[in-house]
Amino acid sequence: MDRRPGLSARLKLTLSYAGFLAVAGALLLAVVWAYLLRYVPDNSQGLLGISPNRYLLVHTFAPAAAVAMAFLLVFGLVGGWILAGRMLAPLTRIRDAARTAGTGSLSHRIRMRGRRDEFRELSDAFDSMLGQLESHVAEQQRFAANASHELRTPLAISRTLLDVARKDPARDRGELIERLYEVNTRAIDLTEALLLLSRGDRGTFTREGVDLSLLAEEAAETLLPLAEQRRITLDVTGGAALADGSPELLSRMVTNLVQNALVHNLPSGGAVTVHTEADGGTSVLRVENTGPALPPELVATLTEPFRRGTERVRTDEHAGVGLGLAIVQSVVRAHDGSLDLVPHPAGGLLVTVRLPATP
């Protein structure tokens with residue numbers, strides 16, 4: 001990148017060093033004049049007729065002082081240029097790293113050595129920013145690839161069904177319409193989930209007081225038929241837990257957690273417990289369920305988009321799109337909260353959401 005006309009930082013520092021030395025030398029000469037030369041008699045005999053007078057001293061001292069001032073100026077310019085270069089060397093490395101990152105290469109790191117001064121702290125902060133940016137970009141790329149794949153599947157199925165209907169006009173149209181309706185519904189659900197996930201990531205919503213206990217009761221009432229169908233006991237316990245956020249996003253968060261706990265449960269005789277409470281300045285929501293044992297390494301990836309808990313493809317009406325816990329994570333992060341997933345040794349999962357309480 002071409003620099004605009006003007007003095008560089010190194011040249012400015014050099015001139016500053018040289019100017020400082022010149023001013024210091026001038027002050028020293030002024031002190032010599034003020035406290036020494038002015039007390040020398042200014043007559044033809046000098047002091048007691050044996051020492052030189054002021055005129056001789058001034059004319060003898062002035063050339064030496066001029067030489068000294070010139071030396072200080074040159075020394076200040078040369079020394080200042082060298083010192084400024086050494087001081088600005090870390091900034092040059094940071095600049096080169098920034099330019100490398102600007103070309104799209106985010107894997108480069110400065111890793112500055114030496115004592116921990118301001119430049120070292122700036123370098124470490126820049127490296128940390130690059131690491132987070134690289135992770136975020138990689139996550140977005142995976143998300144875009146997965147979303148494209150997930151959206152392509154229903155579109156490909158729809159095209160196949162239409163091709164079959166065009167080549168076989170005698171085929172049952174009712175069955176075709178029913179399958180197209182199911183595929184279209186899944187595509188709409190996926191699109192809405194992606195929009196909701198994007199909205200949560202942006203954090204653009206109006207905040208107001210929301211009681212998590214009421215949202216838990218609403219989610220349990222809505223999903224009670226699913227619990228009865230699967231013979232799962234669904235309980236809501238605890239008290240009021242007021243949080244400051246979006247009622248729509250928090251409601252979707254609670255619903256996703258309860259539905260996920262019901263779907264990924266025992267085939268029959270399972271249980272789901274939803275508990276809310278206020279813990280000081282934090283509102284807590286816990287969703288606990290029975291179910292198959294989950295390895296810790298799998299639990300750590302459950303909040304990734306399009307990651308299904310048991311790596312199986314469900315074929316029922318609650319197959320989902322693999323964004324349930326990803327949406328929960330996005331909503332919790334947008335509300336400055338925390339999400340913890342802890343697997344039970346005997347099976348099942350304990351999900352704990354902590355959100356800042358309403359003041």
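The largest nonpolar core of this predicted model holds 47 residues, and of these Met 253, Leu 257 and Leu 285 touch the most other members. A nonpolar core is here a set of buried Ala, Val, Leu, Ile, Met, Phe, Trp, Tyr and Cys residues joined through side-chain atoms within 4.5 Å, where buried means under 20% relative accessible area, exposed over 50%, and partly exposed in between, with a 1.4 Å probe and protein chains only. Helix H6 (residues 247-263) gives the most to this core, namely nine residues. Apart from this core lies another one, of eight residues, which includes Ile 94, Leu 106, Ile 110 and Leu 130.

Local features need pLDDT of at least 70 and side-chain atom pairs count only at pLDDT 80 or more, whereas totals for chains, interfaces and linings use all residues. Residues are numbered from 1 along each chain as its sequence is written, and side-chain values use heavy atoms, with hydrogens and water left out.

Met 253, with neighbours within four places in sequence left aside, is in contact (heavy atoms within 4.5 Å) with Leu 285, Val 328, Val 331, Val 332, Val 353 and Leu 355. The meeting of H6 with helix H8 (residues 324-334) involves Leu 249, Leu 250, Arg 252, Met 253, Asn 256, Leu 257 and Asn 260 of H6, and Gly 324, Leu 325, Ile 327, Val 328, Val 331 and Val 332 of H8. By class, this contact comprises nine nonpolar, three polar and one charged residues; Ala, Val, Leu, Ile, Met, Phe, Trp, Tyr, Cys and Pro count as nonpolar, Asp, Glu, Lys and Arg as charged, and the others, Gly among them, as polar. The two helices pack at an angle of about 145°, with their axes 9 Å apart, the axes being lines fitted to C-alpha atoms over the stretch in contact and the angles running from 0 to 180 degrees between N-to-C directions.

Leu 341 lies in strand E6 (residues 338-343), and Leu 341 counts as buried because its relative accessibility is 18%. Leaving aside neighbours within four places in sequence, Leu 341 is in contact with Val 299, Leu 302, Thr 303, Leu 325, Leu 349, Leu 350 and Val 351. The C-alpha atoms of Leu 341 and Ala 300 are separated by 7.8 Å, although these residues stand 41 residues apart along the chain.

Over the whole chain there are eight helices and seven strands, taken as DSSP runs numbered from the N terminus (helices H or I, at least four residues; strands E, at least two). Buried residues make up 31% of the 359 residues.
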